[in-house]
Structures are given as C-alpha cells and as structure tokens.
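This briefing covers the metal sites of the structure shown below. It is arranged by topic, with the conventions placed at the end.

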Amino acid sequence: MINQAKRQVKIAKKQADKFAALLGNRQNVLITTHISPDGDAVASCLGAYGLLRSLNSNPTCCFSDLPPDRYDFLPDFDKIISTDHRSAESFKTALILDCGKLPRIGKVERLLGQDPIIVNLDHHEDNEWFGRLNLIFPEAASTSEILFEVAKALKIQISEPVATCLYTGHFSDTGGFRYSNTDSRSLAVAAELAACGANAHQIATSIYSNNSPANLKMIGEAIASLELHAGGQVALMTVASPPNGDEAEDIIDYALSVRGVRAVALIRLRDSQIRVSLRGRDLVNVAGIARQFGGGGHPKAAGFTTEDDVTTLRAKIIDALSREVETRYADADSKD
Ligand code: AMP
Ligand code: MN
Ligand code: MN
C-alpha cells in the first residue's frame, strides 16, 4: 500500500497575494524570528531575505540574539544584524517567522512602530495569530516549508541561495529527516529544494559535522549528566550553556536515543536563566507541559525558560514528564 502523507500545506492564492502586497515593493521591511534562534528560525529568515528581494523589497534581518556561528555557511548570514544597530520604531512592516508569540522576538519588539503591519508565518500550534496576515500551518514540518509553499504559490523562481536556506531550515526542524514530522510530504519538499540547487550532503555536513571542540566537550558533559526516572521512561540531562550562545541544539537527541525512553528534558544553565527543552516520543505530548511552565512549542518538541531554583525545577519536570508518560500509556493500554 502507498503510504501517502495526510498533511498538506496549501496556501490560498488570496493569502499569497496578500503576502506579496504587504511585503513586496518596500524599502524598509523587517525580517525577524524568536530569541535563541534555531536552524529553522535563522534559515527561514535568510530564505525570506532572498524571496523579498525577488519581490523588489529591501529587507533587513534583525534579531534579538545573533545566530550561532554554526549557521555561517548560509547565504547572506553576514547580513543579520542585532537590535543594537537600529533605533526604536525603525520599521512599519515586519515578517515574523517561526515565532508563536510576539514577545518571543525579544528586543526587536522595540523596533516596531505604532500599529505595525505584521505578517506572521509559522508552524507552532499555539501561535497567537498576532499578525495582519497570519500564515499558520501546524501541519508544516518547518517554517521554511511554509515559505517554500508561499514562493511556489507566487510563482517565484527559487534561486540556489534561497533553496539552500529553506532546505537547511526544513532539515533542522525534522532532525535531519528523523523526527515524526518526516513523511512523504516533507521528503518531497526536500527533493524539490534539492532540485532548485540545495546541496543535501553539504548542508548535512555543515549542520552535523561542524562542532567546535568546546561544543563536543559540552555534549560530553551533557551525556555524562544523563539520569533516568519512571522506570527508564523519562530522561534528564543538565548542562552549563557556553557564553558564546552556541548551544548545540541537538544535544537533547542523545537523551531521546536511549532505548525505552519516552520523554526527555534538557536543562541548560546560563547565569540565573534556565532554558529547558522537552521532547516526547510516540504518544507523549510535551507542548502542554511547556505551557504550564510559561513556554510553548510543538507536541513532540517544546521548551520554556525560567529563573526557578534548579533543584525544585528538576523535581517538577521529572514529575510532569512521568505523569504525562503514565497517562498517555495508561490510556493506550486500556484501549488494547
Ligand atoms: P528548543 O527545545 O529550544 O529547541 O525548543 C523546542 C520548541 O519549543 C521550539 O519550537 C520552540 O519554539 C519552542 N519553545 C522553546 N522555548 C520556548 C519558550 N520559552 N516559549 C515558547 N516556545 C518555546
Ligand atoms: Mn524555532
Ligand atoms: Mn520551526
């Protein structure tokens, strides 16, 4: 039997036209994303940078946190500037990517003028629809995938640099085509982007074989901190974040790689700020848990930041993940 993907990102012509009308032919458009930007965040912004230029605009990519150097292979990476280089109320129009809640753009919010025109393009289920145009598709594996569909709907020729960016974002948010959002549809998007010039091998090497020695040691520390709870179904790792902000997004995958583990947390300590990443497998949904702690995300990948005491926090996380696993699997067992 052919295993067809059920999900589809369909951009209506009206939506694509509105995207072009709001963001095309403009001198001063801001492109931004969430704080602590990940691969999809950085790459979708750079892909959008190329696409808006095709629409005769002159966009500026400005982030609250500059992206980690590991993405410096992306075209136009050096065009990304930090908020320090812009004065308040610099932009009337903004394209906000991969960001469910407006305050998650961090210090960039100050750069928006009164009543800004915002295009909100994202795949978070809990997106707050804060834009004048909201292109929200939780069924998309990545924000980069949505942008790709918008470009196709607008019949924009996807250049090699744009394809490289969109492929990279899509590749990172599918964990290199390993996560549960990988299906015939997400692979088809990748194939189309590869046909437009994205070099799959080079991008995979840049993402996964590009650790600094310090980074690898940090991964080692995280792995050494691994502890298991709930009879081996819940895993927890703790690591001190480096001051340069390169937090090696995929560290948490090592916890999830342990046989029998169903829910995991990675606690990253940076000064008084604690950043927590949560991941779930199969029936487990971690988005609700992240929300309880004031964060958000997707069913299988979510997170939050806190200034809570780390010992108390650890206990709360272990408890929440253990309950989640117990509930989901008790329900599943009762259905058997
Ligand atoms: P991470 O574990 O940081 O890779 O994040 C996984 C997912 O959770 C991403 O989709 C993030 O956008 C989301 N997420 C992480 N931290 C937060 C937060 N503080 N608030 C809302 N969403 C978050
Ligand atoms: Mn993201
Ligand atoms: Mn994303």
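Along the sequence, the residues donating to the manganese ion (ligand 3) follow the spacing D-x57-D-x24-H-x49-D. For the manganese ion (ligand 2) the spacing is H-x3-D-x59-D. The model is predicted.

**Manganese ion (ligand 3)**
- Its protein donors are D40 (OD), D98 (OD), H123 (NE2) and D173 (OD), at 2.1 to 2.3 Å; donors are N, O and S atoms within 2.8 Å of the metal (3.2 Å for Na, K and Ca), and water is not among the atoms, so sites may look incomplete.
- H123, in the loop between β5 and β6 (133-136), and D173, in helix α4 (residues 160-173), are 50 residues apart and link distant parts of the chain; helices (H or I, at least four residues) and strands (E, at least two) are DSSP runs, numbered from the N terminus.
- H123 is buried at a relative accessible area of 3%, and D173 is buried at 17%; buried means under 20% relative accessible area, exposed over 50%, partly exposed in between (1.4 Å probe, protein chains only).

**Manganese ion (ligand 2)**
- H34 (NE2), D38 (OD), D38 (OD) and D98 (OD) coordinate this ion at 2.1 to 2.6 Å.
- D38 lies in the loop between β1 (29-33) and α2 (39-54), and D98 in the loop between β4 (91-97) and β5 (112-122), 60 residues apart.
- Both D38 and D98 are buried.

**Bridge**
- D98 bridges the two manganese ions, ligand 2 and ligand 3, which lie 3.8 Å apart.

**Conventions**
- Residues are numbered from 1 along each chain as its sequence is written, while chains are lettered from A and ligands numbered from 1 in the order in which they are written.
- In this predicted model local features need pLDDT of at least 70, side-chain atom pairs count only at pLDDT 80 or more, and totals for chains, interfaces and linings use all residues; side-chain values use heavy atoms, with hydrogens and water left out.
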